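Student: I'd like to go over a model with you before I set anything up. Can you put it on the screen?

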Amino acid sequence: MKIDLHSHTYYSDGALSPKELIDRAHNMQLDVLAITDHDTTAALPEALAYQETQKRPLRIIPGIEFSTRWHGFDIHILGLNVDHHNEVFQQRIARQGERRDLRARQMAEKLARCGIEEVYDEARTLAGPGQLTRSHFARVLVKRKMVKDFEQAFKRYLGKGKRAFVTPAWPEIHEAIEWINQAGGEAVLAHPARYDMTSKWLKRLLNDFTQAGGQGMEVSHPQLAADTRKLLGSYAKDYGLRASAGSDFHFPGRWTELGKNLSLADDLVPIWQHWNLA
Ligand code: AMP
Ligand code: MN
Ligand code: MN
Ligand code: MN
(Lines give C-alpha, C1' and ligand atoms only; values in the text may rest on other atoms or scores of the structure.)
(Ligands and ions follow the chains in the order given, each with its own letter.)
Protein backbone atom coordinates (compact mmCIF):
# COMPACT_ATOMS: atom_id res chain seq x y z
CA MET A 1 0.00 0.00 0.00
CA LYS A 2 1.18 3.49 -0.84
CA ILE A 3 0.51 5.87 2.03
CA ASP A 4 1.45 9.53 2.52
CA LEU A 5 0.28 11.18 5.72
CA HIS A 6 1.66 14.72 5.38
CA SER A 7 0.75 17.19 2.65
CA HIS A 8 -0.23 20.82 2.07
CA THR A 9 -2.62 22.74 -0.16
CA TYR A 10 -2.90 26.43 -0.96
CA TYR A 11 -4.98 26.84 2.18
CA SER A 12 -1.61 27.10 3.89
CA ASP A 13 1.74 27.24 2.08
CA GLY A 14 1.19 24.54 -0.52
CA ALA A 15 0.93 25.42 -4.20
CA LEU A 16 -1.96 23.17 -5.22
CA SER A 17 -5.69 23.39 -4.69
CA PRO A 18 -7.29 20.48 -2.83
CA LYS A 19 -8.52 19.08 -6.17
CA GLU A 20 -5.11 19.36 -7.80
CA LEU A 21 -3.49 17.68 -4.79
CA ILE A 22 -5.96 14.79 -4.93
CA ASP A 23 -5.56 14.39 -8.69
CA ARG A 24 -1.82 14.25 -8.20
CA ALA A 25 -2.11 11.69 -5.41
CA HIS A 26 -4.30 9.60 -7.68
CA ASN A 27 -1.79 9.85 -10.51
CA MET A 28 0.99 8.84 -8.12
CA GLN A 29 -1.14 5.78 -7.30
CA LEU A 30 -1.48 6.56 -3.62
CA ASP A 31 -3.94 4.50 -1.59
CA VAL A 32 -4.07 6.92 1.33
CA LEU A 33 -3.36 10.65 1.56
CA ALA A 34 -3.60 12.85 4.65
CA ILE A 35 -4.10 16.57 4.03
CA THR A 36 -2.34 18.41 6.85
CA ASP A 37 -2.24 22.16 6.28
CA HIS A 38 -0.52 24.45 8.77
CA ASP A 39 -3.04 25.35 11.48
CA THR A 40 -6.11 24.97 9.28
CA THR A 41 -8.58 22.38 8.04
CA ALA A 42 -10.00 24.72 5.38
CA ALA A 43 -9.05 22.39 2.51
CA LEU A 44 -10.99 19.45 3.89
CA PRO A 45 -14.61 20.21 2.92
CA GLU A 46 -13.56 20.80 -0.70
CA ALA A 47 -11.20 17.82 -0.72
CA LEU A 48 -13.68 15.36 0.75
CA ALA A 49 -16.55 16.57 -1.44
CA TYR A 50 -14.38 16.22 -4.55
CA GLN A 51 -13.19 12.78 -3.55
CA GLU A 52 -16.79 11.71 -3.00
CA THR A 53 -17.55 12.44 -6.67
CA GLN A 54 -14.50 10.58 -7.96
CA LYS A 55 -14.96 6.97 -6.80
CA ARG A 56 -11.23 6.45 -6.88
CA PRO A 57 -9.31 3.93 -4.80
CA LEU A 58 -7.81 6.74 -2.73
CA ARG A 59 -8.70 7.40 0.87
CA ILE A 60 -8.39 10.94 2.19
CA ILE A 61 -7.46 11.33 5.86
CA PRO A 62 -8.58 14.64 7.40
CA GLY A 63 -5.60 16.20 9.12
CA ILE A 64 -3.81 19.32 10.30
CA GLU A 65 -0.28 20.40 11.23
CA PHE A 66 -0.21 22.48 14.39
CA SER A 67 2.60 24.89 15.17
CA THR A 68 3.75 24.67 18.77
CA ARG A 69 6.66 25.87 20.82
CA TRP A 70 8.83 23.80 23.12
CA HIS A 71 11.99 25.11 24.81
CA GLY A 72 12.53 27.66 22.07
CA PHE A 73 12.03 25.16 19.24
CA ASP A 74 9.19 25.39 16.70
CA ILE A 75 7.68 21.92 16.94
CA HIS A 76 5.09 20.72 14.43
CA ILE A 77 2.44 18.25 15.49
CA LEU A 78 0.21 16.48 13.00
CA GLY A 79 -3.37 15.63 13.84
CA LEU A 80 -4.64 12.68 11.81
CA ASN A 81 -8.28 11.67 11.49
CA VAL A 82 -9.45 14.79 13.27
CA ASP A 83 -13.12 15.70 13.29
CA HIS A 84 -12.88 19.03 11.52
CA HIS A 85 -16.56 19.76 12.24
CA ASN A 86 -15.86 19.89 15.97
CA GLU A 87 -16.70 23.43 17.11
CA VAL A 88 -14.17 23.69 19.91
CA PHE A 89 -11.49 22.42 17.54
CA GLN A 90 -12.38 25.18 15.05
CA GLN A 91 -12.15 27.77 17.83
CA ARG A 92 -8.59 26.61 18.58
CA ILE A 93 -7.80 26.88 14.87
CA ALA A 94 -9.24 30.40 14.70
CA ARG A 95 -6.97 31.37 17.60
CA GLN A 96 -3.97 29.94 15.73
CA GLY A 97 -4.96 32.11 12.78
CA GLU A 98 -4.95 35.18 15.04
CA ARG A 99 -1.49 34.27 16.30
CA ARG A 100 -0.32 33.91 12.70
CA ASP A 101 -1.83 37.23 11.71
CA LEU A 102 -0.29 39.09 14.65
CA ARG A 103 3.13 37.59 13.96
CA ALA A 104 2.80 38.51 10.27
CA ARG A 105 2.09 42.16 11.15
CA GLN A 106 5.09 42.23 13.44
CA MET A 107 7.30 40.64 10.77
CA ALA A 108 6.09 43.26 8.28
CA GLU A 109 7.04 46.03 10.74
CA LYS A 110 10.52 44.59 11.07
CA LEU A 111 10.86 44.34 7.29
CA ALA A 112 9.69 47.95 6.96
CA ARG A 113 12.53 48.96 9.27
CA CYS A 114 14.85 47.21 6.79
CA GLY A 115 13.35 49.41 4.05
CA ILE A 116 11.04 46.72 2.69
CA GLU A 117 7.61 48.31 2.90
CA GLU A 118 4.07 46.99 2.92
CA VAL A 119 4.77 43.30 2.77
CA TYR A 120 1.80 42.38 4.94
CA ASP A 121 -0.93 43.24 2.41
CA GLU A 122 0.87 41.52 -0.42
CA ALA A 123 1.48 38.36 1.62
CA ARG A 124 -2.14 38.43 2.80
CA THR A 125 -3.32 38.60 -0.81
CA LEU A 126 -1.09 35.66 -1.75
CA ALA A 127 -2.44 33.60 1.14
CA GLY A 128 -6.03 34.29 0.05
CA PRO A 129 -8.48 32.60 2.40
CA GLY A 130 -5.77 30.36 3.86
CA GLN A 131 -3.34 30.65 6.76
CA LEU A 132 -0.62 33.25 6.36
CA THR A 133 2.85 31.67 6.66
CA ARG A 134 6.45 32.75 6.42
CA SER A 135 6.50 31.08 3.00
CA HIS A 136 4.14 33.81 1.73
CA PHE A 137 6.56 36.41 3.03
CA ALA A 138 9.39 34.60 1.29
CA ARG A 139 7.43 34.66 -1.96
CA VAL A 140 6.95 38.42 -1.69
CA LEU A 141 10.66 38.97 -1.04
CA VAL A 142 11.60 36.82 -4.04
CA LYS A 143 9.03 38.54 -6.26
CA ARG A 144 10.42 41.96 -5.31
CA LYS A 145 13.93 40.65 -5.98
CA MET A 146 15.05 41.47 -2.45
CA VAL A 147 16.46 37.93 -2.29
CA LYS A 148 17.34 35.41 -4.97
CA ASP A 149 15.31 32.50 -3.64
CA PHE A 150 13.33 31.04 -0.74
CA GLU A 151 16.41 29.79 1.03
CA GLN A 152 17.93 33.27 1.04
CA ALA A 153 14.68 34.82 2.27
CA PHE A 154 14.86 32.59 5.35
CA LYS A 155 18.60 32.98 5.78
CA ARG A 156 18.52 36.76 5.66
CA TYR A 157 15.14 37.76 7.04
CA LEU A 158 12.65 35.12 8.12
CA GLY A 159 14.64 32.35 9.80
CA LYS A 160 15.14 32.03 13.53
CA GLY A 161 17.09 35.02 14.88
CA LYS A 162 17.24 36.82 11.51
CA ARG A 163 16.28 40.43 10.81
CA ALA A 164 12.53 40.02 10.46
CA PHE A 165 12.12 37.06 12.78
CA VAL A 166 9.41 37.33 15.39
CA THR A 167 9.23 34.79 18.18
CA PRO A 168 5.85 33.18 17.68
CA ALA A 169 3.37 32.79 20.50
CA TRP A 170 2.52 29.20 19.65
CA PRO A 171 0.85 26.93 22.19
CA GLU A 172 2.72 24.28 24.15
CA ILE A 173 2.97 20.79 22.67
CA HIS A 174 0.61 19.32 25.26
CA GLU A 175 -2.10 21.80 24.22
CA ALA A 176 -1.97 20.80 20.56
CA ILE A 177 -1.97 17.12 21.53
CA GLU A 178 -5.05 17.68 23.69
CA TRP A 179 -6.85 19.61 20.92
CA ILE A 180 -6.17 16.79 18.47
CA ASN A 181 -7.18 14.03 20.86
CA GLN A 182 -10.32 15.93 21.87
CA ALA A 183 -11.27 16.14 18.19
CA GLY A 184 -10.93 12.36 17.97
CA GLY A 185 -7.60 12.45 16.16
CA GLU A 186 -4.16 11.02 16.72
CA ALA A 187 -1.18 13.26 17.41
CA VAL A 188 1.98 12.60 15.43
CA LEU A 189 5.27 14.40 15.93
CA ALA A 190 6.23 15.80 12.50
CA HIS A 191 9.70 15.50 10.95
CA PRO A 192 11.72 14.94 14.15
CA ALA A 193 15.00 15.06 12.25
CA ARG A 194 14.38 18.61 11.06
CA TYR A 195 14.54 20.42 14.38
CA ASP A 196 18.29 20.74 14.46
CA MET A 197 18.42 19.13 17.90
CA THR A 198 20.96 16.92 19.57
CA SER A 199 19.76 13.40 20.32
CA LYS A 200 19.63 14.32 24.00
CA TRP A 201 17.10 17.06 23.28
CA LEU A 202 15.17 14.90 20.84
CA LYS A 203 14.78 12.22 23.50
CA ARG A 204 13.58 14.86 25.92
CA LEU A 205 11.04 16.00 23.34
CA LEU A 206 9.88 12.44 22.71
CA ASN A 207 9.52 11.91 26.43
CA ASP A 208 7.40 15.06 26.87
CA PHE A 209 5.40 14.27 23.72
CA THR A 210 4.60 10.77 24.95
CA GLN A 211 3.80 11.97 28.49
CA ALA A 212 1.37 14.49 27.00
CA GLY A 213 -0.54 11.71 25.24
CA GLY A 214 0.96 11.83 21.73
CA GLN A 215 0.40 8.67 19.69
CA GLY A 216 2.93 8.61 16.91
CA MET A 217 6.01 10.06 15.25
CA GLU A 218 7.12 10.41 11.67
CA VAL A 219 10.00 8.06 11.09
CA SER A 220 9.98 8.34 7.36
CA HIS A 221 10.19 11.57 5.46
CA PRO A 222 12.00 12.43 2.27
CA GLN A 223 15.71 13.18 2.15
CA LEU A 224 16.23 11.26 5.35
CA ALA A 225 19.47 9.30 5.42
CA ALA A 226 19.12 5.56 6.03
CA ASP A 227 20.88 5.70 9.40
CA THR A 228 18.66 8.57 10.62
CA ARG A 229 15.61 6.61 9.51
CA LYS A 230 16.84 3.65 11.50
CA LEU A 231 17.56 5.78 14.56
CA LEU A 232 14.08 7.35 14.46
CA GLY A 233 12.59 3.89 14.15
CA SER A 234 14.43 2.75 17.25
CA TYR A 235 13.20 5.85 19.14
CA ALA A 236 9.62 5.09 18.09
CA LYS A 237 9.98 1.65 19.64
CA ASP A 238 11.71 2.96 22.77
CA TYR A 239 8.95 5.48 23.45
CA GLY A 240 6.06 3.24 22.42
CA LEU A 241 5.07 5.55 19.57
CA ARG A 242 3.46 4.31 16.37
CA ALA A 243 5.25 5.08 13.13
CA SER A 244 4.04 7.52 10.49
CA ALA A 245 5.32 8.40 7.05
CA GLY A 246 4.79 11.59 5.09
CA SER A 247 6.37 13.55 2.26
CA ASP A 248 5.45 17.02 3.62
CA PHE A 249 4.50 17.79 0.04
CA HIS A 250 4.16 21.53 -0.70
CA PHE A 251 4.58 21.73 -4.47
CA PRO A 252 5.79 19.55 -7.33
CA GLY A 253 9.54 19.80 -7.41
CA ARG A 254 12.72 18.03 -8.13
CA TRP A 255 13.09 16.72 -4.59
CA THR A 256 9.52 16.53 -3.45
CA GLU A 257 6.81 14.20 -4.57
CA LEU A 258 3.77 12.62 -3.00
CA GLY A 259 4.30 9.14 -1.64
CA LYS A 260 7.91 8.89 -2.72
CA ASN A 261 10.39 6.84 -0.71
CA LEU A 262 8.22 6.43 2.36
CA SER A 263 8.46 2.77 3.28
CA LEU A 264 8.42 1.75 6.95
CA ALA A 265 10.66 -0.91 8.45
CA ASP A 266 8.79 -4.18 9.15
CA ASP A 267 9.41 -4.09 12.89
CA LEU A 268 7.52 -0.82 13.43
CA VAL A 269 3.83 -0.46 14.29
CA PRO A 270 2.28 1.81 11.65
CA ILE A 271 -0.02 4.58 12.86
CA TRP A 272 -2.63 3.29 10.40
CA GLN A 273 -2.65 -0.26 11.75
CA HIS A 274 -6.15 0.03 13.24
CA TRP A 275 -7.64 2.31 10.57
CA ASN A 276 -9.48 -0.41 8.66
CA LEU A 277 -7.90 0.39 5.34
CA ALA A 278 -9.64 -1.93 2.91
P1 AMP B 1 5.50 29.26 9.43
O2 AMP B 1 4.70 28.03 9.82
O3 AMP B 1 4.63 30.39 9.03
O4 AMP B 1 6.53 29.61 10.46
O5 AMP B 1 6.26 28.90 8.12
C6 AMP B 1 7.08 27.82 8.13
C7 AMP B 1 7.10 27.21 6.73
O8 AMP B 1 8.10 27.87 5.97
C9 AMP B 1 7.50 25.77 6.79
O10 AMP B 1 6.39 24.93 6.89
C11 AMP B 1 8.23 25.56 5.50
O12 AMP B 1 7.31 25.21 4.49
C13 AMP B 1 8.79 26.92 5.18
N14 AMP B 1 10.22 27.04 5.54
C15 AMP B 1 10.76 27.10 6.76
N16 AMP B 1 12.11 27.24 6.71
C17 AMP B 1 12.43 27.25 5.40
C18 AMP B 1 13.65 27.38 4.67
N19 AMP B 1 14.82 27.51 5.27
N20 AMP B 1 13.56 27.36 3.33
C21 AMP B 1 12.40 27.24 2.70
N22 AMP B 1 11.21 27.13 3.32
C23 AMP B 1 11.22 27.13 4.65
MN1 MN C 1 5.10 24.63 5.16
MN1 MN D 1 6.34 21.12 9.38
MN1 MN E 1 4.27 20.21 6.73
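Tutor: Here is a run through its overall features, and note that the model is predicted.

Student: What does the secondary structure come to?

Tutor: The protein has 9 helices and 7 strands.

Student: And how far does the C-alpha trace span along its principal axes?

Tutor: About 55 × 45 × 40 Å.

Student: What is the radius of gyration, and what would a compact globule have?

Tutor: The protein has 18 Å. A compact globule with 278 residues would have a value near 19 Å, so the two agree.

Student: How many of the residues count as buried?

Tutor: 54% of the 278 residues, where buried means under 20% relative accessible area.

Student: What about the accessible surface?

Tutor: That comes to about 13,100 Å² for the protein. Carbon and sulfur atoms account for 49% of that surface.

Student: Switching to contacts. Which share joins residues at least 24 apart in sequence?

Tutor: 73%, counted among contacts between residues at least 6 apart in sequence.

Student: Now domains. What does the assignment give?

Tutor: Domain 1 is written in two segments, 3-92 and 173-245. Domain 2 covers 96-158.

Student: What separates their centres?

Tutor: 24 Å, taken over C-alpha atoms. The contact between them takes 12 residues from domain 1 and 11 residues from domain 2.

Student: Last one, charges. How many are positive and how many negative?

Tutor: The protein has 37 positive and 35 negative charges.

Student: And where do their mean positions lie relative to each other?

Tutor: The mean positions of the positive and negative charges are 6 Å apart.

Key. Residues are numbered from 1 along each chain as its sequence is written. Chains are lettered from A and ligands numbered from 1 in the order in which they are written. This is a predicted model: local features need pLDDT of at least 70, side-chain atom pairs count only at pLDDT 80 or more; totals for chains, interfaces and linings use all residues. Side-chain values use heavy atoms; hydrogens and water are left out. Helices (H or I, at least four residues) and strands (E, at least two) are DSSP runs, numbered from the N terminus. The radius of gyration is taken over C-alpha atoms; the globule rule is 2.2 Å times the number of residues to the power 0.38. Buried means under 20% relative accessible area, exposed over 50%, partly exposed in between (1.4 Å probe, protein chains only). Contact means heavy atoms within 4.5 Å. Accessible areas come from the Shrake-Rupley method with a 1.4 Å probe; for residues, only the protein chains shown count as cover. Lys and Arg count as positive and Asp and Glu as negative; His and the chain ends are not counted. The place of a charge is taken as NZ of Lys, CZ of Arg, CG of Asp or CD of Glu. Domain bounds come from an automatic or database domain assignment.
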